[in-house]
Amino acid sequence: MLSANNIDRKSWIKYDSNSDFPIQNIPFGVFKTNNHEFHIATIIGKTIISLKNLEKEGYFNEIELNKNTFQGKSLNQLLKQKKPIWRAVRNKIADLFDLENKNSEAQIKSENILFNKENVEMIMPVQIGDYTDFYSSKDHATNVGKMFRDPENALLPNWLHIPVGYHGRSSSIVISGTPVKRPKGQILPKESSKPIYSESKLLDFELEMGFITGEANKLGENINIENAEDYIFGLCLFNDWSARDIQKWEYVPLGPFLGKSFNSSMSPWIVTLDALEHFRVSGETQSPEVLDYLKFNGKKNYDIQLEVLIKSTKSEATSVSKSNFKYMYWNMAQQLAHHTINGCNVNAGDLMASGTISGPKKSEFGSMLELSWAGKETICLNNGEERKFLKNGDTVIMRGYAKKENLRIGFGELSNTIIE
Ligand code: CA
């Protein structure tokens with residue numbers, strides 16, 4: 001069923017062996033041309049392929065796609081259809097661009113289908129309905145617990161039983177490349193009992209991955225964990241920017257609010273869960289035993305290497321963290337099963353983020369808060385500049401890819417610069 005994943009397949013579009021986007025990837029995104037035309041698209045190597053025009057030319061006629069699935073400005077029409085349709089589209093694209101398919105090469109090259117990466121602008125691929133942020137990395141939750149509560153009892157009593165999460169704000173999710181404005185708000189100065197109005201002085205990134213859902217469950221019903229992955233379309237890199245000082249003062253008792261909702265950013269290409277099939281791994285054994293609705297079979301974690309780099313106005317990009325999506329304690333299927341166990345409905349185009357993904361080693365911590373241990377330690381950039389948190393002009397770059405033998409499935413880059 002996943003013929004698109006065939007590792008022996010080669011494309012008539014040429015690309016480097018270290019490209020994030022080989023013919024086995026086929027992610028989905030949306031771009032805008034200079035004359036403001038919108039195209040739903042995929043990418044092979046550096047060549048962007050208009051699915052809008054492929055659909056217009058009739059290449060998807062044999063698939064039971066809803067009419068005009070690719071004529072809009074977002075992937076939502078595709079997301080409303082089911083996984084077998086998503087698979088059929090990806091398989092069809094793989095066939096069209098297969099090296100063996102000389103007929104389609106000649107025909108496609110004569111049509112307005114291929115675009116150069118340099119000539120288009122990637123835009124938000126999904127009209128996001130609801131956004132939920134989880135807190136599913138044990139190392140991250142432990143680090144935060146050690147810093148702010150009790151080092152001996154770093155995890156709160158619920159953490160090993162529940163994939164903890166909160167409802168975020170979808171309106172402020174932006175695409176890679178969009179400047180991030182340093183937020184202002186209420187901050188409680190050290191040793192003071194009165195807050196002040198100030199710009200955030202403790203601006204941070206959070207290294208996360210997000211997943212985009214299809215049409216899942218009706219209100220009042222829940223998603224069974226065994227089927228949960230059927231409702232996951234694909235994943236992106238996600239930077240859940242955080243103003244630690246605003247967050248610290250506001251979060252009691254209802255949780256994150258304005259310290260989070262000023263901005264989150266996502267990478268432009270949604271890599272399908274299907275494309276990551278070769279990279280399934282087992283997560284950490286969960287102990288204590290979880291409740292029945294959270295029990296699952298098989299490998300539900302994914303081995304995806306993640307990296308964060310900081311580039312200042314004066315320095316080249318410095319790698320500050322290398323983590324991995326496989327470190328998640330709670331997997332995506334568990335997150336969806338838990339999210340809906342009360343009957344909460346998940347719709348096509350919702351985004352669920354993992355929470356900061358930290359690994360066990362210091363070099364694998366997924367936020368400045370942890371890397372600088374709440375400002376006690378210093379992070380050095382390549383040119384000797386020092387950071388505890390982020391400064392205006394800093395660009396935070398996130399990259400991610402899965403690799404096994406000769407197959408590399410990547411996410412491209414998520415890059416945003418902080419402005420005043
Ligand atoms: Ca977060």
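Five strands make up an open sheet with antiparallel pairing, in the order 4-3-2-1-5. Strands here are DSSP runs of E with at least two residues, helices are runs of H or I with at least four residues, and both are numbered from the N terminus. Two strands pair if DSSP finds at least two bridges between them. Strand 4 (114-116) and strand 5 (121-123) are the edge strands, each pairing on one side only. On average, neighbouring strands of this sheet are turned by 50 degrees against each other, direction ignored; axes are lines fitted to C-alpha atoms, for helices over the stretch in contact, and angles run from 0 to 180 degrees between N-to-C directions. Within the sheet, four bridges pair strand 2 (residues 38-44) with strand 3 (residues 47-50) in the antiparallel sense. Thr-47 in strand 3 is the bridge partner of Ile-44.

The model is predicted: local features need pLDDT of at least 70 and side-chain atom pairs count only at pLDDT 80 or more, while totals for chains, interfaces and linings use all residues. Residues are numbered from 1 along each chain as its sequence is written, and side-chain values use heavy atoms, with hydrogens and water left out.

Helix 3 (residues 83-96) has 14 residues, which at 1.5 Å a residue should span 20 Å; the end C-alpha atoms are 20 Å apart, in agreement. The expected span is 1.5 Å times one less than the number of residues. Buried means under 20% relative accessible area, exposed over 50%, and partly exposed in between (1.4 Å probe, protein chains only). Among the buried residues of helix 3 are Ile-85, Trp-86, Val-89 and Leu-96. The buried residues of this helix pack against strand 2, helix 1 (51-56), helix 2 (76-79), helix 4 (102-109), strand 14 and strand 17 (271-272).

Strand 20 (residues 305-311) and strand 21 run antiparallel and are joined by six bridges. The two strands form a hairpin with six residues between them. Leu-306 stands opposite Ser-323 in strand 21. Five of the seven residues of strand 21 (residues 318-324) are buried, so this strand is largely enclosed by the rest of the structure.

The calcium ion has the protein donors Asp-133 (OD), Glu-206 (OE), Glu-208 (OE) and Asp-240 (OD), at 2.2 to 2.3 Å. Donors are N, O and S atoms within 2.8 Å of the metal (3.2 Å for Na, K and Ca); water is not among the atoms, so sites may look incomplete. The spacing of the donor residues in sequence is D-x72-E-x1-E-x31-D. Glu-208 in strand 13 (residues 207-213) and Asp-240 in the loop between strand 14 (232-239) and strand 15 (242-243) are 32 residues apart, and the pair links distant parts of the chain. Both Glu-208 and Asp-240 are buried.

Zero disulfides are present in the structure, a disulfide being a pair of cysteine sulfur atoms within 2.5 Å. For Cys-236, the nearest cysteine sulfur is that of Cys-344, 19 Å away. Cys-236 counts as buried at 0% relative accessibility, whereas Cys-380 is partly exposed, with a relative accessible area of 47%.

Ser-261 lies in the loop between helix 6 (244-250) and strand 16 (264-266). With a relative accessible area of 24%, Ser-261 is partly exposed. Neighbours within four places in sequence aside, Ser-261 is in contact (heavy atoms within 4.5 Å) with Arg-169 and Ser-172.
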